[in-house]
Amino acid sequence: MRVLGVDPGLTRCGVGVVEGVAGRPLTMLGVGVVRTPADAELGRRLVGIEQGIERWLDEYRPEYVAVERVFSQHNVRTVMGTAQASAVAMLCAARRGIPVALHTPSEVKAAVTGSGRADKAQVGAMVTRLLRLDAPPRPADAADALALAICHIWRAPAQNRLQRAVAQHAATAPITSKGRTA
């Protein structure tokens, strides 16, 4: 499985590609950051992020895109920019028919470090170890993107089985008079 992880942001949008399967050593294929100038007009910044994501999709041809799920922060302006960058990544993937998965920051931290409360340094250290790198990717947004890809590779098989089971149950369960499955 080849996954492009995206840690969305308007100024620095972390991107990283990991290949592998759960239970086996993983391989980093690429890591970086799509940058836009903080003083540029919002529309131009979104176009810059789109162009950067498109280059990564062209070069690495991932089977899945894993994006950090935007969560409520105290700074509404920051969360809005993150949500906009996230939407650009999802749009680029959807345009190509690539499935998109959203993972929360705590889910990613728990998958990679064992603790949903891990800090950036711990995530970077575990990404370095899991991918057998010489040093943690910099900036932290790049390491976070790799962590998203790792999380998806490890969690996708279980999530897929669960989705299939739910779909199968819905297809075979009798429908009640209120239109719901029993």
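**Sheet and core in a predicted model**

Modeller: E4 and E5 pair in the parallel sense over 4 bridges, where pairing requires that DSSP finds at least two bridges between two strands, and strands are DSSP runs (E, at least two residues), helices being H or I runs of at least four, numbered from the N terminus. The model is predicted, so local features need pLDDT of at least 70 and side-chain atom pairs count only at pLDDT 80 or more, whereas totals for chains, interfaces and linings use all residues. Residues are numbered from 1 along each chain as its sequence is written, and side-chain values use heavy atoms, with hydrogens and water left out.

Colleague: Which residue in E5 is the bridge partner of Val65?

Modeller: Val65 belongs to strand E4 (64-68), and its contacts (heavy atoms within 4.5 Å) include Leu4, Val6 and Val100. The bridge partner in E5 is Val100.

Colleague: Which strands stand at the edges of the sheet?

Modeller: The open sheet has 5 strands in the order E3-E2-E1-E4-E5, with mixed pairing. One side of each edge strand is left without a neighbour in the sheet, because each has a single partner strand; these are strand E3 (27-35) and strand E5 (100-103).

Colleague: What angle does the direction of H2 make with that of E4?

Modeller: H1 lies across E1, E2, E3 and E4, running at about 165° to E3, with axes fitted to C-alpha atoms, for helices over the stretch in contact, and angles from 0 to 180 degrees between N-to-C directions. H2 packs on the sheet, touching E1, E4 and E5, and its direction makes with that of E4 an angle of about 170°.

Terms used
Lists of a residue's contacts leave out its neighbours within four places in sequence.
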